[in-house]
Amino acid sequence: MKDKKITICFIAVLIANSALAATYYVSEEDGTIQAAIDACEDFDTVVIAPGTYRGLGNCGINFNGKAITVRSTDPTDSQIVNSTIIDCAGIARGFVFNTWEKADSKVAGLTIINGVAMVGGAIYSSNNSSPSITNCVIRNNSAIYGGGIACINGKSHPVITNCQIIANSASIFGGGGIYLNGSSPTIKNCIISGNAAPEGGAIYSHNAGNPLISNCTISTNTASNSAGAIYCYKSSNLMISHSILWGNTAPSAPEILVGNLGAATSIRISYCDIQGGQTSVILDNECTVDWGQGNIDIAPQFVDPGYIDNNGHYVEGDYHLLDGSPCIDAGDSGFVAKPGETDIDGNPRILGEKIDLGGDEFVPPIPAVVKIMPKTLNLRSNGNWISCTIQFPDGYDIGDIDTDTIVLNGEEINPAPTWSGTGEDSNKLLIKLDRSEIQDMLETAESPVSLRVAGKLNDGSDFAGTDTIRVLKRGQ
Ligand SMILES: [Ca+2]
Ligand SMILES: [Ca+2]
């Protein structure tokens, strides 16, 4: 009976909290973010309209210990996130957490740019503060330590999920993207790219802690001295899984450096795609790597990786996985996603057979049944057309195909396929391909040959299907 009373009281408090929770709206024309926060009580929300926010009250923002959410109008909509901008304009950083904030102090769906500070260019977390940072873009911020995010003074363990941490820089010490001092954050589903520092281009972590990194894509970060991607030392025992470390650069240890500098340090790595494999993990005296299951060293095949241009500037890339990437379904078969768990795009984890490596869970194309006629193609014979039917599973409409996107074995078809319509209700479409074009394409192919027809629907989703035909060479 006593237990029941406690439960009833607890529910009553929850109801009271949700009933009383207020939402404060900030727009470019109306108010500042700090003023809205100052008006808040625990469990309130500040919603920021799309726009660019600068100046006093819109940078150096401090929650002052409140358990509130500060967010854009829709943190899961990348267009909204990209257009809800806190521009620190080189005079301050974005957010400060220094008052024992916990995971219910949340920043979600904001873009923070041009922040500057000694430590933590965009976000600074210290003094037992462990906020949640979700769906944010942290770009072009700079500091001496921790160009993007800094977590210091121990017991500051933020949860950073579904964020893009791009092109931030640390000028004198380490952590172009993230700097950790005695911190044990969780960093999950993030793209960390184009960051630069003397040491630890992406992440620099030292003093006792257990940072957890999972499903992050860490690429094209640079260190001018060592540790292009990750530098951990002095018993910052880092654990990384289901992540990609590729194309990071440094004169020594382009991917990972595990240092001692006063205390042996260990790193645990499993289900990661790391350029150079285990030999890329450089170990100081007494330091160890626990090289777990499922690690690979195969080019990840990003859609369009970023790069450093001739002027030394980072040109942003697209770190989604291409169809056929070795990182697709390369994760732990025993991994169980939490209910509602997503990748950085909001796609469900898991899609396909298993969890993917990196921030992106690849969306498998809609499986089309492709049938090419004739089944045996005689390269000697002439004719105008090769025909091909594309059939979608029930529930999909073949009429949604974007006709400009059709490719055959990854190549554009010239001239474009001619469409032979089918009835409006049909999920099967006949296309005609220029015969001489296809024959030229298959001139050197070994028979039988696999032909993969792929393309996009008008909503951007992909479809693909494969058929196999025999080819009779001109001499045969
Ligand atoms: Ca998958
Ligand atoms: Ca995805």
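Author: **The parallel sheets and their setting**

In this predicted model, an open sheet of 11 strands runs in the order β1-β2-β5-β8-β12-β16-β20-β24-β28-β31-β34, and its pairing is parallel. Strands here are DSSP runs of E with at least two residues, helices are runs of H or I with at least four residues, and both are numbered from the N terminus. Two strands pair if DSSP finds at least two bridges between them. The edges of the sheet are β1 (23–26) and β34 (288–291); each has a single partner strand, so one side of each is left without a neighbour in the sheet. On average, neighbouring strands of this sheet are turned by 10° against each other, direction ignored; the axes are lines fitted to C-alpha atoms, for helices over the stretch in contact, and angles run from 0 to 180 degrees between N-to-C directions.

One pairing illustrates the arrangement. Strand β28 (residues 238–241) pairs with strand β31 (residues 266–270) in the parallel sense over 4 bridges. Within that pairing, M239 has R268 of β31 as its bridge partner. Strands of a sheet pair through backbone hydrogen bonds, either parallel or antiparallel.

As to conventions, residues are numbered from 1 along each chain as its sequence is written, while chains are lettered from A and ligands numbered from 1 in the order in which they are written. Because the model is predicted, local features need pLDDT of at least 70 and side-chain atom pairs count only at pLDDT 80 or more, whereas totals for chains, interfaces and linings use all residues.

A further open sheet, of 9 strands, has the order β4-β7-β11-β15-β19-β23-β27-β30-β33, again with parallel pairing. At its edges stand β4 (61–62) and β33 (281–283), each with a single partner strand, so one side of each lacks a neighbour in the sheet. β4 pairs in the parallel sense with strand β7 (residues 95–97) over 2 bridges, and I61 has F95 in β7 as its bridge partner.

The interior can be described through its nonpolar cores, a core being a set of buried Ala, Val, Leu, Ile, Met, Phe, Trp, Tyr and Cys residues joined through C-beta atoms within 7 Å. A residue is buried if 20 or more other C-beta atoms lie within 10 Å of its own, exposed if 12 or fewer, and partly exposed in between, with C-beta atoms placed from the backbone. The largest nonpolar core has 97 residues, and those with the most contacts inside it are I33, I37, V46, A150, A227, I230 and I256. Strand β27 (residues 230–233) contributes the largest share of this core, 4 residues. Another core, of 20 residues, lies apart from it and includes C388, L429, L433 and F463. Two residues are in contact if their C-beta atoms, placed from the backbone, lie within 7 Å. Neighbours within four places in sequence aside, A227 is in contact with E199, G200, G201, A250, A253, I256 and L257.

The protein is divided into domain 1 (23–321) and domain 2 (366–472), with bounds that come from an automatic or database domain assignment. The centres of the two domains, taken over C-alpha atoms, are 44 Å apart.

Strand β43 (residues 407–408) pairs with β47 in the antiparallel sense over 2 bridges, and L408 stands opposite V453. β47 also pairs with strand β48 (residues 462–472), antiparallel over 8 bridges, and R452 stands opposite T466 in β48. β47 and β48 form a hairpin with 5 residues between them, and G460 in the turn has a positive phi of about 95°.

The loop between β42 (385–391) and β43 holds F392, which is buried, with 22 other C-beta atoms within 10 Å.

For the whole protein, the secondary structure comes to 4 helices and 48 strands, and buried residues make up 45% of the 476 residues. Confidence is expressed as pLDDT, the predictor's confidence in each residue, from 0 to 100. The mean pLDDT is 92, and 93% of residues reach 70 or more.
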